[in-house]
Amino acid sequence: MGRFFIIFSLIFLISCSDVQEHTAPPIYDRDSVSMMTSYGVNTLISDSGVIKYRIVTERWDVNTVRTPSRWTFEKGVFFEQFDEKFHVQAYIQSDTAWYFDQQKLWHLRGRVRIRNINGLIYESEELYWDGLKHELYSNVFSKVTTPERSMEGTYFRSDERMRHYTITNSKGSFEREDMTGESKEEEQKPKTPADTMKQEAPILRPQTQKHRRIAN
């Protein structure tokens with residue numbers, strides 16, 4: 001009995017020595033877990049005491065621990081932009097968005113679309129909105145469509161209200177007044193009579209005249 005106990009103990013010790021412990025690195029989820037998660041959001045956002053936006057989204061995550069801190073809209077976002085009198089100035093939407101609150105920087109990704117009060121439509125797959133510099137910019141293919149023209153390019157920059165914008169490496173179609181600088185009304189106005197315009201006579205080269213030979 002004693003010999004059996006010794007053999008059993010040896011087998012147990014040998015089996016225990018072969019066991020390897022598999023450990024995973026510690027998970028520090030404090031910087032990845034949102035401090036707040038909201039679903040079915042339809043809310044107004046103010047800036048300096050003035051209501052600037054209405055945000056509509058299926059899910060809104062706020063994380064103030066990550067560097068930099070951010071709001072995340074993984075299910076897409078739609079929002080309206082207001083002026084000082086609470087008039088809607090633009091509609092903006094995208095499939096995914098991040099807002100870095102300390103930098104006041106929006107990063108929109110996937111089917112970005114903007115329509116402003118003047119009927120301008122902007123379309124791209126990525127757009128940045130800098131709230132400190134009050135400008136929009138993109139380094140990917142962008143398309144701008146207005147009632148008068150359509151432009152496409154690989155670089156876009158504009159003011160917040162999209163009244164003054166620049167597109168480089170562009171191509172597009174234009175109406176005639178976009179190229180001449182004249183509107184249709186100006187084209188229909190009667191032009192100044194020619195006799196009231198100062199014109200210089202053209203300089204002509206003397207021509208050699210041929211004379212018919214008369215027979216005597």
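Colleague: Where is Asn 169 found?

Modeller: Asn 169 is found in the loop between strand S13 (165-168) and strand S14 (171-173). Helices (H or I, at least four residues) and strands (E, at least two) are DSSP runs, numbered from the N terminus. Before we go on, please note that this is a predicted model, where local features need pLDDT of at least 70 and side-chain atom pairs count only at pLDDT 80 or more, while totals for chains, interfaces and linings use all residues. Residues are numbered from 1 along each chain as its sequence is written, and side-chain values use heavy atoms, with hydrogens and water left out.

Colleague: Thanks! Is Asn 169 buried or exposed?

Modeller: Buried means under 20% relative accessible area, exposed over 50%, and partly exposed in between (1.4 Å probe, protein chains only). Asn 169 has a relative accessible area of 63%, so Asn 169 is exposed.

Colleague: Which residues is Asn 169 in contact with, leaving aside its neighbours within four places in sequence?

Modeller: Contact means heavy atoms within 4.5 Å. With those neighbours left aside, Asn 169 is in contact with Glu 152, Gly 153 and Thr 154. Gly 153 is 16 residues away along the chain, and its C-alpha atom is separated from that of Asn 169 by 5.1 Å. As for polar contacts, these are pairs of N or O atoms within 3.5 Å; within protein, one must be able to donate a hydrogen and the other to accept it, and residues adjacent in sequence count only if both atoms are side-chain atoms. Here the side chains of Asn 169 and Thr 154 are joined by a polar contact of 3.0 Å.

Colleague: Now the rings. How many aromatic pairs does a search of the whole structure find?

Modeller: Rings of Phe, Tyr and Trp (its six-membered ring) pair if their centres lie within 6.5 Å; planes under 30 degrees apart count as stacked, over 60 as edge-to-face and the rest as tilted. The search of the whole structure finds 14 aromatic pairs. One of them is edge-to-face and is formed by Tyr 53 and Phe 79, at 6.0 Å centre to centre with 80° between the planes. This pair links distant parts of the chain, since Tyr 53 is in strand S2 (residues 50-63) and Phe 79 is in strand S4 (residues 77-82), 26 residues apart.

Colleague: Why does Phe 79 count as buried?

Modeller: Phe 79 counts as buried because its relative accessibility is 1%. Tyr 53 is buried too, with a relative accessible area of 16%.

Colleague: Why is the pair of Tyr 53 and Trp 129 edge-to-face?

Modeller: The ring centres of Tyr 53 and Trp 129 are 5.5 Å apart and their planes are at 90°, so this pair is edge-to-face. Because Tyr 53 lies in strand S2 and Trp 129 in strand S8 (residues 121-130), the pair ties together parts that are 76 residues apart in sequence. Ring pairs link a cluster whose members include Tyr 53, Phe 79, Trp 106 and Trp 129.

Colleague: What about the backbone?

Modeller: Most residues other than glycine have a negative phi, and most peptide bonds are trans. In this model, the peptide bond from Thr 67 to Pro 68 is cis, with omega near -5°. Pro 68 lies in the loop between S2 and strand S3 (70-73). Phe 86 has a positive phi, near 70°, and sits in the loop between S4 and strand S5 (88-94).
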